[in-house]
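Trainee: I am new to this structure. Please take me through it, one question at a time.

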Amino acid sequence: MRTDRHKKRTAAAAALTLSAALLGGALTATAAHAEPEAPAFDYFAQSIPGLRTGSVFESVTYERFESLLKSDGTYAFLIGGPEDETVAAAAAEIDAVAQSYGVEAVYAFDPRLDGDAVDVRTSSIAAVGALWTNLTGSYLNRDTTPQFGEGDDPYLVIYDRAHTIGGAEDRIVASLGGSLTAAGLDSEGERQAYRTQVSDMFGAVASGGQAQTDTQSQFDFLSNAVNSRHSTQYVDASAYGGEILGAEQEQDFVIQSITYPELRALLESPGEHTILFGGTWCHNTRAVIRDVNDAAAAAGVETVYLFDLRLDGLSGNVLHIRDSASALSHLYGEIADGYLTNLRTQYQVSSASASHKVTYYPGGDTGLPLQTAKKLQVPYLIEYDADATDPILNDWIQDNGDGTFTEYMTEFWWVNGLPGSRNTNRYPATPEGDANWAAEQAKQWAFGASALEALDGFFDRSGEEQEEPPVVLSGATPTVSAKKLAVGQKLTAKAGSWGPTGVKLSYQWLRNGKAISKATKSSYTLTASDRGKKISLRVTGALAGAEPLARTSKSTSAVKYGALKSATPKVSGTAKAKKTLKAKAGSWGPKGVKLSYQWLRNGKKISGATKSSYKVSSKDRGKKISVKVTGKLSGYSTVSKTSAKKSVKR
């Protein structure tokens, strides 16, 4: 751990007082620090067992993290997400100490952009790795003793961009690094010692027992990003409009930006959620973000979750996960196909245009067949309920009445009745050009007005009848059986007893709790993607007039490697110098298994003899020749079989 000694001395009394409380086993928040109201969806509390709802942790996107790093003030940062072993082990202890110091927020940036494998610190994808290079080079390592990339990077830091030592930049005021496990904090003594370390960290910026850390609200972040990007791109406010998010929104701001791991957790959490797909970089999103917020707030919606398909909030490269067949497009495809199953979009998958759909390899595995997903355009607003048969309960899109749809992609000036800027090449200064430009303005103003009217309709549910369903479904917890839990084996579902009569059952197989694309039958054959994962089954019952009911089986143990079907090879031909021997591999399976050959002389490898045939040489005289056939297939244990030996005549 590292702290700034000067700041540590100024808070000595407070730190000693807190340390005494820690060693005595009691740790309580100061009376002046009110318990925050628990959010409806709490990503950290739902992801880390034992962490209280409404903790100090607030997950931030890459865009917001960089915004904080650029901001004046002192901020507490957690580098890691709930899937990180150190974070999971230490979160409750950090939260308790932070509370006692009056810390309102510890901003958590997860370097694993997908919460799993796409890690900015280690990724071989250039655009992904560049993000970490930027964070460390431009911000985190602007310090007298750079700590990131030196081994055990800090996971908890106090950061102040203006902090210096002897006139030199020293942005990391205090830090904790290394790694922790739950086993390392399972005794009271270990927890006390660890809390003391965390206490020393916050004590480095404390005064009167309170850590002098700053906060950045969702409004602060989004209003600055939205307004600055709009004014930079569209300078003439008289034509394009000025400030988008202002004081009127600050008083009742309900939009909350979320990360990709948060989105997946949200899509699996119970209840109804309002989700806006879009980003501050997108002029079409900026056109309506104020109206989305105002309409939602007026309707009593507590939170509109904003997810940006560009994982860094800007780039149109591989980080834009909606791009087809990219290294990260599976992140979009698995959301669209696995969760947004009744998604309605302007672009149709049946279109001949490749730009009207998104192709992706499941799990990013290019060895698997390419899949196709519907392509939504931003902004796109939905109301979502994971437990519903059709999880998108409501969407903000224009139904054209002929099976096609138009997404509300408009501009800030059109929705506000402003003139915009005339393209004089398209609309020249002629009577005809004047008339065409006037018609175009009228058309765009009308579309903008219809977008806002539809937005009001999206949030206005006052006219809907609220009736209790006359029928209540009942259903058993399904079970899953298999001869062997290994790749290539078939899992069979037993739904159990459901009622009343007429209930229709649908199936969704899950891998580590996440929906497996197109695995919606009562049986499922395990694939290479399942190896090492736990499989479960969600059965949903539906009946007209009744609320759908979902039941999920227990998860299996981890799926093992499959067993290849193999055969002992045979060798044909005359075992004599200059004659050719041929290997007959026999029947191997399943389909796709790749066979390789290695010829042997007296049981030892013959250099370069790796084809299905072998020409006997003079060196083989008096020796015994055999062939070893090896079968390989992803997800299956490699198998080798060796033929009987043939003696070569002298």
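**Cavities, pocket, helix and sheet**

Trainee: How much space lies in the largest cavity?

Mentor: This is a predicted model, where local features need pLDDT of at least 70, side-chain atom pairs count only at pLDDT 80 or more, and totals for chains, interfaces and linings use all residues. Residues are numbered from 1 along each chain as its sequence is written, and side-chain values use heavy atoms, with hydrogens and water left out. On a 1 Å grid over the protein atoms alone, a cavity is a set of points where a 1.4 Å probe fits but cannot get out. Grid points are joined across faces, edges and corners, and a volume is the space filled by probe spheres set on the points; for the largest cavity that gives about 230 Å³.

Trainee: Which residues are closest to the centre of the largest cavity?

Mentor: Lining residues have an atom within 4 Å of a point. The largest cavity has 25 of them, and the closest to its centre are T61, Y62, I258, T259 and L311.

Trainee: Which elements give two or more residues to that lining?

Mentor: Helices (H or I, at least four residues) and strands (E, at least two) are DSSP runs, numbered from the N terminus. For the largest cavity, the elements with two or more lining residues are α4, α8 (218-233), β11 (255-258), α11 (260-268) and β13 (304-307).

Trainee: Which helix gives the most to the lining of the second largest cavity?

Mentor: The count comes to 2 cavities of 30 Å³ or more. With 4 residues, the top contributor is helix α13 (residues 329-338).

Trainee: Which element gives the most to the lining of the largest pocket?

Mentor: A pocket is an open set of points with protein on both sides within 12 Å along at least five of seven lines. The largest has a volume of about 1,700 Å³; of its 50 lining residues, R264, E334, R511, K514 and K533 are closest to the centre. By class, the lining has 22 nonpolar, 17 polar and 11 charged residues. The element that gives the most, with 5 residues, is α11.

Trainee: What span does helix α6 reach?

Mentor: The expected span of a helix is 1.5 Å times one less than its number of residues. Helix α6 (residues 126-140) has 15 residues, so 21 Å is expected at 1.5 Å a residue. From first C-alpha to last, α6 comes close to that, at 20 Å.

Trainee: What covers the buried residues of α6?

Mentor: Buried means under 20% relative accessible area, exposed over 50%, partly exposed in between (1.4 Å probe, protein chains only). In α6, the buried residues include W132, L135 and Y139. Contact means heavy atoms within 4.5 Å. The cover includes α4 (62-70), β3 (74-79), β4 (106-109), β5 (156-160) and β8 (172-176).

Trainee: Is G80 buried or exposed?

Mentor: G80 sits in the loop between β3 and α5 (85-100). Leaving aside neighbours within four places in sequence, G80 is in contact with V87, A108, F109, D110 and P111. At 3% relative accessibility, G80 counts as buried.

Trainee: How many bridges join β24 to β27?

Mentor: β24 (residues 504-511) and β27 (residues 535-542) run antiparallel. K504 stands opposite A542 in β27. The number of bridges is 8.

Trainee: How many residues lie between β16 and β17?

Mentor: β16 (residues 380-385) and β17 (residues 392-395) run antiparallel, joined by 3 bridges. Y384 has I392 in β17 as its bridge partner. The two strands form a hairpin, and the residues between them number 6.

Note on methods:
Two strands pair if DSSP finds at least two bridges between them. Ala, Val, Leu, Ile, Met, Phe, Trp, Tyr, Cys and Pro count as nonpolar, Asp, Glu, Lys and Arg as charged, and the others, Gly among them, as polar.
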